[in-house]
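This briefing goes through one structure by topic. Please keep the sequence and the model open while reading.

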Amino acid sequence: MKTSRILSLIAAVAALAGAAFAQKPVELLNVSYDPTRELYVDYNAAFAAHWKAKTGQDVVVKQSHGGSGKQARSVIDGLRADVVTLALAGDIDAIANNARVLPSDWQKRLPNNSSPYTSTIVFLVRQGNPKGIKDWDDLVKPGVSVITPNPKTSGGARWNYLAAWEYAKRKQGSDEAAKEFVRKLLANVPVLDTGARGSTTTFVQRDIGDVFISWENEAYLAKKEFPGKGFEIVTPSLSILAEPPVAVVDRVAKRKGTVEVATAYLEYLYSEEAQDIIGKHFYRPTSKKAAAKYASQFGPVKLFTIDEAFGGWTKAQKDHFDDGGTFDQIYLKK
Amino acid sequence: MASAVSSLNRSAGHAQRPLATRDSAWVRYTLTAVALGFLALFLALPLVAVFAEALRRGVGAYFAALNDPDGMHALRLTLLTAAIAVPANLVFGVAAAWAIAKFTFPGKSLLITLIDLPFAVSPVISGLIYVLLFGAQGWYGHYLAAENPWFPAFQAWLIEQDIKIIFAVPGIVLATIFVTFPFVARELIPLMQQQGNDEEYAAITLGASGWKTFWKVTLPNIKWGLFYGVILCNARAMGEFGAVSVVSGHIRGETNTLPLHVEILYNEYQFVGAFAAASILALLALVTLVLKSVVEWAHARRRA
């Protein structure tokens, strides 16, 4: 009895001493979607400084990037993500439903449906817009080569798909017409990459395609990275409000003992400092101050939400992207 | 005769060789030019391009790009993976080739087919096999999550030690071993079959033990083929992309091998970095090729 009490006392003292003096850097793994690579390089540095100032502890955030659907699949298969920062709620729902490593009401845990920023879908075209692309209608014309990733693996591609669908539905009045519109659009796509960044590379570096349906942030980044190529951004008349959400993967974080720092990591995304970084990387900040500061860099666009047009991600995923959904019906027939 | 031939083919030069083994000059020059042109276009040019792109912003930028901790980690992981996969396949390859070439047993043709399997399936499938076996939703994951598992102590130990297989180094090593499985065995089987069992019989008849026969008779006979197989195996182990990509999880500074790191840098518009990392891979390949040539040269000299 006595020895065990002494031992536990020693352990407690050691733990305290450890906390006070030689804190080991804590490690987080952030599994994210494709275009956020540059954003999180900056944000991770900012968060590390913030966390160090607040707690004295060093934090190292490791990153993994890929198509959002593919990344979700990896987390389901056991990739030890402390936090997931994916392209759409449906992918985190898939993790919650299939691997049960976080509760199904995860989206209520942080403000704005757990989306620290929003974005939308725009078109990136070549210098001088030689094919005269102005709106979604121009993408289904014969002879226009369109670049978009594969909706099965990429989150961005699913936003693209739904934006095109809703545009056609509003214009022509029926789901059948919308399906035909999307079928024509996909017939103009020469390559379906697995993630948004792969598609950017196809369009920007391999010079394939006349128009790239892209995340707004990805389009601005490509424009900035390749000033010599003279890319132009075309904002369609209607697009979708994309809300890329973030979540702590409870089971993994608990096991690694990182719940506190992982939660702080996501909460800090809503701070003014982070919101400014977010705006700098061409995402649309949710804080009023940062949103106002960066408002002028984005084109005016009418946005609709997935909830009002498609009844939320679970339904949209089932109707359109699961096996046998509209994408399969269109694409497999091709 | 010789003078007649040389007068007929003065331009060709090799007067002393018999007529039937020579093609006319233009055929030989055309073929040589086509072969060299092809090599230059498809091998030398891309190789030069890798180094040219890597050095585009100067030697300073090149070394700065190489000095990236994630890149260095990727290089170490690549070398570690090869250092485990190659010896494993060396032992397996020798054992399998020995069994197949020197003995007959039931299931032999099945074994040969199985050895070829990694050549036949796409590397992506090779990676997925391990995800299905060791993923959280696979056999291993179900075992870890089971409430009444077989060998509960083993399960407790695995959980306690936090043994990760896929999305970690063991998965990368396993996938690499799988993909490079056939190289050594495939190199040795025809060689050992051709050599037959005579020398081993002689050794055993003269009283040598099995081990002694292996070390003194079999191994010296297959030495060069073995070197060659190991070199090819190593080249593939360091260069493998597809299978490793599936099981890696792409965590920077942790589970990215050099080929995966090249892709990441390229996708992040860091061209100097991407090509610098690619140039390291190319250098590793060139070292391998030089080694291979040395082996062949030494082998030819011994024969002569």
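**Interface between chain A and chain B**

Chain A puts 28 residues into the contact and chain B puts in 21 residues, where contact means heavy atoms within 4.5 Å. This is a predicted model, in which local features need pLDDT of at least 70 and side-chain atom pairs count only at pLDDT 80 or more, while totals for chains, interfaces and linings use all residues. Residues are numbered from 1 along each chain as its sequence is written, chains are lettered from A and ligands numbered from 1 in the order in which they are written, and side-chain values use heavy atoms, with hydrogens and water left out.

*Area and polar pairs*

- The size of an interface is often given as the accessible area lost when the parts come together.
- For chain A and chain B the buried area is about 2000 Å², and carbon and sulfur atoms give 50% of it; buried area is the accessible area (1.4 Å probe) that two parts lose on being put together, summed over both.
- The interface of chain A and chain B holds 13 residue pairs in polar contact, both residues being at pLDDT 80 or more.
- A polar contact is a pair of N or O atoms within 3.5 Å; within protein, one must be able to donate a hydrogen and the other to accept it, and residues adjacent in sequence count only if both atoms are side-chain atoms.
- There are also 4 salt bridges across the interface of chain A and chain B, a salt bridge being a side-chain nitrogen of Lys or Arg within 4 Å of a carboxyl oxygen of Asp or Glu.
- On the side of chain A that touches chain B, the elements giving two or more residues are β1, α2, β2, α3 (68–76), α4 (89–99), α8 (196–204) and α9 (216–225) of chain A.
- Helices (H or I, at least four residues) and strands (E, at least two) are DSSP runs, numbered from the N terminus.

*A salt bridge between the chains*

- A:Arg255 and B:Asp162 form a salt bridge, with the closest N and O atoms 3.0 Å apart.
- A:Arg255 lies in helix α10 (residues 250–256) of chain A and B:Asp162 lies in the loop between α8 (152–161) and α9 (169–180) of chain B, so the pair joins two chains.
- B:Asp162 has 31% relative accessibility and counts as partly exposed; buried means under 20% relative accessible area, exposed over 50%, and partly exposed in between (1.4 Å probe, protein chains only).

**Salt bridges within a chain**

- Over all chains, the whole structure has 33 salt bridges.
- One of the salt bridges joins A:Lys229 to A:Asp207, the closest N and O atoms being 3.2 Å apart.
- This pair links distant parts of the chain, 22 residues apart: A:Lys229 is in the loop between α9 and β8 (232–234) of chain A, and A:Asp207 is in the loop between α8 and β7 (211–215) of chain A.
- A:Lys229 is partly exposed at 28% relative accessibility, and A:Asp207 is partly exposed with a relative accessible area of 47%.
- In chain B, the side chains of B:Arg252 and B:Glu268 meet in a salt bridge of 2.7 Å, N to O.
- B:Arg252 is in the loop between α13 (242–248) and α14 (258–267) of chain B, and B:Glu268 is in the loop between α14 and α15 (271–303) of chain B, 16 residues apart.
- B:Arg252 is buried with a relative accessible area of 14%, and B:Glu268 is buried with 11%.
- A:Asp34, A:Arg37, B:Arg252 and B:Glu268 belong to one network of salt bridges that share partners.

**Parallel strands in chain A**

- Strand β1 (residues 26–32) of chain A pairs with β2(A) in the parallel sense over 7 bridges; two strands pair if DSSP finds at least two bridges between them.
- Between β1(A) and β2(A) the chain passes through helix α2 (residues 37–55) of chain A, and this β-α-β crossover is right-handed.
- Right-handed means that, with the strands pointing away from the viewer, the path from the first strand over the helix to the second runs clockwise.
- A:Val26 stands opposite A:Val59 in β2(A), and A:Glu27 has A:Val60 as its bridge partner in β2(A).
- β1(A) also pairs with strand β3 (residues 83–85) of chain A, in the parallel sense over 3 bridges, with A:Val31 opposite A:Val84 in β3(A).
- In β1(A), 6 of its 7 residues are buried, and in β2(A) (residues 59–65), 6 of its 7 residues are buried.
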